[in-house]
Amino acid sequence: MDALISSAKHIQHYYLTGALKGNLGMAGEVNVQNEDVMRMDQIAQQIAIHYLTSSGRVIHAISEESKEIIQINPEGRYFIYFDPLDGSSNIPMDCR
């Protein structure tokens, strides 16, 4: 649970500073749900995987942003399914 809370806090930071850092807009990819991937989706995915990996508790993960099962830690105990940033299509493309 700590890994999920930490990743949520970091994702929020990137969301709040997205326009300043140029992290808004399309990534030019389509996810497994056939939806356009936003840059913030990719950032949230990387952050979530980082914290799930560092927890040492998750064996496999499935994400809306990945077509394959994500192998995390063979010694882990939990299997998790997640959407790193649900509703990302509601994020404005830019904040000019």
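**Close-up views of a predicted model**

**View 1. The residue after helix H3, and the helix itself.** Helix H3 is followed by Gly56, a residue whose phi is positive, near 75 degrees. The model shown here and in the other views is a predicted one. Helix H3 comprises 17 residues and spans 25 Å from its first C-alpha to its last, which is close to the 24 Å expected at 1.5 Å a residue. Among the buried residues of H3 are Met40, Ile43, Ala44, Ile47, Tyr51 and Leu52, and the buried residues of this helix pack against helix H1 (2-16) as well as against S2, S3, S4 and S5.

View 2. Three strands form an open sheet in the order S4-S3-S5, and their pairing is mixed. Strand S4 (70-71) and strand S5 (78-82) are at the edges and have a single partner strand each, so one side of each is left without a neighbour in the sheet. Helix H3 (residues 39-55) packs on this sheet, where it touches S3, S4 and S5, and its direction makes about 170 degrees with that of S5. Strand S3 (residues 58-63) and S4 run antiparallel and are joined by two bridges, with Ala61 standing opposite Ile70 in S4.

View 3. Although Gln46 and Pro84 are 38 residues apart in sequence, their C-alpha atoms are 8.8 Å apart in space.

**View 4. The hairpin of strands S1 and S2.** Strand S1 (residues 26-30) pairs with strand S2 (residues 36-38) in the antiparallel sense, over three bridges, and Glu29 has Val37 in S2 as its bridge partner. Five residues lie between the strands of this hairpin, in which Asn34 takes a positive phi near 65 degrees.

**View 5. Ser66 and its surroundings.** Ser66 lies in the loop between S3 and S4, and a polar atom of the Ser66 side chain is 3.1 Å from the backbone oxygen of Glu68.

Definitions and conventions: Residues numbered from 1 in each chain as written. Predicted model: local features only at pLDDT ≥ 70, side-chain atom pairs only at ≥ 80, totals over all residues. Heavy atoms only, no water. Pairing = 2+ DSSP bridges. Helix = DSSP H or I, 4+ residues; strand = E, 2+ residues; numbered from the N terminus. Contact = heavy atoms within 4.5 Å. Axes fitted to C-alpha atoms, helices over the stretch in contact; angles between N-to-C directions. Polar contact = N/O pair within 3.5 Å; in protein donor to acceptor, adjacent residues only side chain to side chain. Expected span 1.5 Å × (residues − 1). Buried < 20%, exposed > 50% of the residue type's maximum accessible area, 1.4 Å probe, protein only.
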